[in-house]
Amino acid sequence: MVMQNPTDWKEFKAIDYLEEYYADVGPENWALLQFLARAFREVPEYSTVLDFGGGPTIYALISAANRRREIHVYDYLEANLDEVRKWIQREPDAFDWHEFISKALEAEGEPFTSYTVHKRAAAIRGQVTRVSRGDASQPYRAGTSTHQYDVVMSNFCADSVTDDRVAWQQYVSNIASYLKPDGRFILSTLKEAHSYTVGQKTFPAVFLTEHDLTNVLVEVGCAPDSIVIESVPADRPSRHYQGLMFAVATKLPLA
Ligand SMILES: C[S@@+](CC[C@H](N)C(=O)[O-])C[C@H]1O[C@@H](n2cnc3c(N)ncnc32)[C@H](O)[C@@H]1O
């Protein structure tokens, strides 16, 4: 099913978003980095990894780059991708991810010195070979310039583009279609969200629980016994959601 993107993304300001959610590594972001460190510990070297809806961020690529892998980033908004490109190209006004890299190394149990932070930043820059527009309203199509991947990761994308549960399920299904059979799906969502803010603007979010997340992963073809979900509470009262949910699952071989 091909869908319309219901949100006016011109209202989404990358810098406002980064400053609101990634200014520091508070309890939410620390939990997120720990989850990603655990998730990528299991991923073999040389795997291909897609971050779908990565937005203007690179935090999810830090542990993805902990071994030699090929990483692609897709997002709907060129302005968000430009923030990623700015960081990759070391432009002076790029967002500062130093603290996130340092904390991700800590989460992995690695030493976090200025040398290792620099080394991991270089690894990310070397392993991200594609930053391009991708639309989660459309499924993967064989024979196009897109690929299927060993790992598909999507953090706060499908649940942050609509407040409609059926549309959310379709977005997750489209994102999961980029996964090879037997591939690993890494999915983060807001928990029990009503909306989320970016600066003065409010964006829609789907109200979800762990039960909804389990169901959608089964529906999109993940092995039920492979699904692991964790939740953490929101770390400040200004949030319009109760917490974050983190899931990993393996796509069934014949899904
Ligand atoms: C809440 S942000 C999440 C960004 C990032 N993954 C993170 O963890 O902070 C939602 C992202 O979804 C992107 N997005 C919105 N509609 C999309 C679509 N149809 N396909 C792909 N990405 C989309 C937005 O541009 C934005 O970057």
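Predicted model: local features only at pLDDT ≥ 70, side-chain atom pairs only at ≥ 80, totals over all residues.
Seven strands form an open sheet, and if you read across it the order is S3-S2-S1-S4-S5-S9-S8, with pairing that is mixed. At the edges stand strand S3, residues 128-133, and strand S8, residues 228-233, and because each of them has a single partner strand, one side of each is left without a neighbour in the sheet. From one strand to the next, the twist averages 15°.

I would like to stay for a moment with strand S9, which covers residues 243-250 and runs antiparallel to S5, the two being joined by eight bridges. If you want to find this pairing in the model, look for Lys 191, whose bridge partner in S9 is Gly 243, and then for Ser 188, whose partner in S9 is Phe 246. S9 also pairs with S8, again antiparallel, through six bridges, and here Ser 231 stands opposite Met 245 of S9. As for how covered this strand is, seven of the eight residues of S9 are buried, so far as the neighbour count of at least 20 C-beta atoms within 10 Å defines it.

Now to the helices that lie on the sheet. Helix H4, residues 78-88, lies across strand S2, which is residues 70-75, and across S3, and the helix runs at about 160° to S3. Helix H8, for its part, lies across S5, S8 and S9, running at about 25° to S9.

Helix H7, residues 165-176, is the one I looked at in more detail. H7 has twelve residues and reaches 16 Å from its first C-alpha to its last, which is close to the 16 Å expected at 1.5 Å a residue. Its buried residues are Ala 167, Trp 168, Gln 170, Tyr 171, Val 172, Asn 174, Ile 175 and Ala 176, and these pack against strand S1 (48-52), strand S4 (149-155), strand S5 (179-191) and helix H8 (210-219).

Why does Asn 174 count as buried? The reason is that Asn 174 has 22 C-beta neighbours inside 10 Å, and the cut-off for being buried is 20 or more. Once we leave aside its neighbours within four places in sequence, Asn 174 is in contact with Ala 136, Ser 137, Gln 138 and Pro 139. Of these, Gln 138 is 36 residues away from Asn 174 in sequence, yet the two C-alpha atoms are 5.9 Å apart in space.

In soluble globular proteins, nonpolar side chains tend to be buried together. In this model the largest nonpolar core has 81 residues, and those with the most contacts inside it are Leu 61, Val 152, Ile 175 and Phe 185. The element that gives the most to this core is helix H2, residues 27-41, with eight residues. Leu 61, setting aside its neighbours within four places in sequence, is in contact with Asp 51, Ile 71, Ile 124 and Val 128.

That brings us to Ile 124, which sits in helix H6 and counts as buried because it has 20 C-beta neighbours inside 10 Å. Not counting residues up to four places away in sequence, Ile 124 touches Ile 58, Leu 61, Ile 62 and Ala 65.

Helix H6 itself, residues 114-127, packs with helix H5, residues 98-108, at an angle of about 100°, and their axes are 9 Å apart; H5 and H6 are therefore roughly perpendicular to each other. Where they meet, His 98, Ile 101, Ser 102 and Leu 105 come from H5, while Thr 116, Val 117, Arg 120 and Ala 121 come from H6.

Tyr 46 has a phi near 70°, a positive value in a residue other than glycine; Tyr 46 lies in the loop between H2 and S1, and with 10 C-beta neighbours inside 10 Å it counts as exposed. Asp 182 also has a positive phi, of about 75°, although it is not a glycine. Asp 182, however, is found in strand S5, and with 13 other C-beta atoms within 10 Å it is partly exposed.

Technical notes
Residues numbered from 1 in each chain as written. Core = buried A, V, L, I, M, F, W, Y, C linked by C-beta atoms within 7 Å. Buried ≥ 20, exposed ≤ 12 C-beta atoms within 10 Å, placed from the backbone. Helix = DSSP H or I, 4+ residues; strand = E, 2+ residues; numbered from the N terminus. Contact = placed C-beta atoms within 7 Å. Expected span 1.5 Å × (residues − 1). Pairing = 2+ DSSP bridges. Axes fitted to C-alpha atoms, helices over the stretch in contact; angles between N-to-C directions. Parallel < 35°, antiparallel > 145°, perpendicular 65-115°, else oblique.
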